[in-house]
Amino acid sequence: MSITDDDSSQNGSSHAPLKQIDQAELKRIYRKIDWVILPLMFMCYFLEFLDKILIGYANVMGLEKDVGLKPGQFQWLATVLYIGMAAAQLPQGALIQRYPVSKVLGVNVFLWGVVVCCMAAAQNFVGIAALRTLLGVLEAVVAPALIMVTMQWYTKQQAVPRMGFWYSGIGFGQIVGGLISWSAQHAKHSSFESWRIMFAVAGAVNVVTGLLVFFYLPKDLVSAKFLTGKEKALVEESLLLDQAGNGKKVFRWSGIREALVDWQVWLFVLFTLATVIPGGFITSFSSVVIRGFDYTPMQSALLNMPSGVVTIFGTTLSTFAILYNFPRWLGVILLLIPSMAGAGLMSFAKSKSAALAGVYLINLDIAPLVLIFSMIGANVQGYTKKVYVANLVSFANACACIIGPQTFRPKDAPLYIPAKIVVFVVTGVGIITAILLRILYGVRNRRNAASRRAALAAIARGDVCASEVLNEEETDLKNDKFVYMY
């Protein structure tokens with residue numbers, strides 16, 4: 001479970017070592033942290049994605065007929081979840097601001113597990129729609145909470161592959177979802193519908209996971225019972241020197257005001273919209289498009305599973321590259337270029353195999369969002385500002401998920417050429433946005449370079465304490481010693 005870190009070289013990192021830290025000891029400590037933190041975060045993101053797409057598998061199993069859905073109502077069941085998710089960002093952000101993140105996350109996972117269990121008893125459209133909306137409200141907390149938890153424990157460089165690990169839950173969700181769909185189409189339906197059993201089992205897994213998160217995910221470094229006092233001090237020192245961590249849980253209106261005028265924040269939002277709109281295709285329509293290549297429903301379910309492998313590969317490769325100081329912005333572009341090519345193949349290739357390859361390549365569009373998550377964690381300083389920005393990006397994510405499926409209009413079936421062109425264009429917008437972020441961060445780092453060097457020199461001479469000059473309570477725009485990671 002442990003992810004190897006190489007902190008001996010900090011080229012392009014946020015700090016130069018101020019004194020010798022026992023790297024072997026630090027790695028040993030982080031192996032302990034990894035075994036406790038990472039499995040729980042992975043399960044949260046895996047289940048959050050799987051629970052969102054279970055409705056599609058339930059439809060294959062006969063939900064639409066069993067509860068008497070009218071034409072057009074099933075599409076709304078996909079949409080209302082994201083409406084609930086978008087509406088809940090502000091209240092969920094307030095909860096994260098006020099209460100321990102791990103506790104807020106655990107309660108939400110537990111409650112959405114209960115909601116998924118209740119789906120097994122749904123009898124009509126109104127009941128299912130209400131439950132799906134509530135599911136979106138509860139799942140709204142996941143991405144912001146996991147970003148905050150990750151940055152609570154890891155330096156800016158260490159955090160990226162950890163984010164990649166829990167974010168790869170999407171890929172595993174795609175694989176498991178394909179297996180569920182394929183298996184369901186082989187099942188012999190009895191008087192007790194198989195989709196109800198699926199919801200009950202999935203809900204139970206969520207409930208157990210929620211309890212584990214609530215009771216076993218420490219609320220902060222100080223409360224981690226599996227670490228000794230010396231180990232906690234070493235981790236705390238490492239975070240301080242890196243200007244990592246989230247800062248104190250103190251609400252400041254100034255953090256929100258600054259976020260609203262910070263160019264990087266709006267570039268995050270634009271990038272999220274540009275890369276998640278194709279997510280409507282990936283999560284809802286990829287199997288439909290594959291079926292449009294004259295495959296059977298069973299073949300489509302199996303042929304959609306490699307999409308999850310592509311997602312895992314792209315996420316893992318791009319996030320682990322950060323350990324070797326590979327630029328985040330360049331990683332984003334290198335993922336989006338083949339994704340853009342995949343959109344072109346999917347839209348215009350005459351060969352069925354080439355079009356299918358395009359469907360797989362476009363799944364690389366999923367991975368860049370985790371690199372943006374890592375930039376939020378690394379480049380947004382101040383607890384209130386970071387919570388607000390994480391929730392704002394999650395709001396943009398939900399809005400894009402609402403917009404994406406609307407581009408796949410029934411009149412364009414089965415090829416959906418206009419929707420495929422939209423995917424191609426917005427992916428190009430994502431590439432441009434990544435370049436703009438690189439330029440912005442370069443300008444800001446040059447502006448802060450002199451103050452940063454002076455502060456490090458003063459600490460090295462022993463004139464001042466690191467905690468006095470590397471102030472984690474300041475926001476990144478106010479901290480003239482801050483280094484942006486790109």
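Visitor: Is Phe-165 buried, partly exposed or exposed?
Guide: In this predicted model, the relative accessibility of Phe-165 comes to 26%. Buried would mean under 20% and exposed over 50%, so Phe-165 counts as partly exposed.

Visitor: Which kind of aromatic pair do Phe-42 and Phe-165 form?
Guide: A pair of aromatic rings is described by the distance of the centres and the angle of the planes. For Phe-42 and Phe-165 the centres are 5.5 Å apart, and the planes make an angle of 45°. Planes under 30 degrees apart would count as stacked and over 60 as edge-to-face, so this pair is tilted.

Visitor: How many residues apart in sequence are the parts that this pair of Phe-42 and Phe-165 ties together?
Guide: Phe-42 belongs to helix H1, which covers residues 23–60, whereas Phe-165 belongs to helix H8, which covers residues 156–167. The pair therefore ties together parts whose separation in sequence is 123 residues.

Visitor: Is Phe-42 buried or exposed?
Guide: The relative accessible area of Phe-42 is 15%. Since buried means under 20%, Phe-42 is buried.

Visitor: Which kind of aromatic pair do Tyr-45 and Trp-166 form?
Guide: Here the ring centres of Tyr-45 and Trp-166 lie 5.0 Å apart, with 65° between the planes. An angle over 60 degrees sets the class, so the pair is edge-to-face.

Terms used. Residues are numbered from 1 along each chain as its sequence is written. This is a predicted model: local features need pLDDT of at least 70, side-chain atom pairs count only at pLDDT 80 or more; totals for chains, interfaces and linings use all residues. Side-chain values use heavy atoms; hydrogens and water are left out. Rings of Phe, Tyr and Trp (its six-membered ring) pair if their centres lie within 6.5 Å; planes under 30 degrees apart count as stacked, over 60 as edge-to-face and the rest as tilted. Helices (H or I, at least four residues) and strands (E, at least two) are DSSP runs, numbered from the N terminus. Buried means under 20% relative accessible area, exposed over 50%, partly exposed in between (1.4 Å probe, protein chains only).
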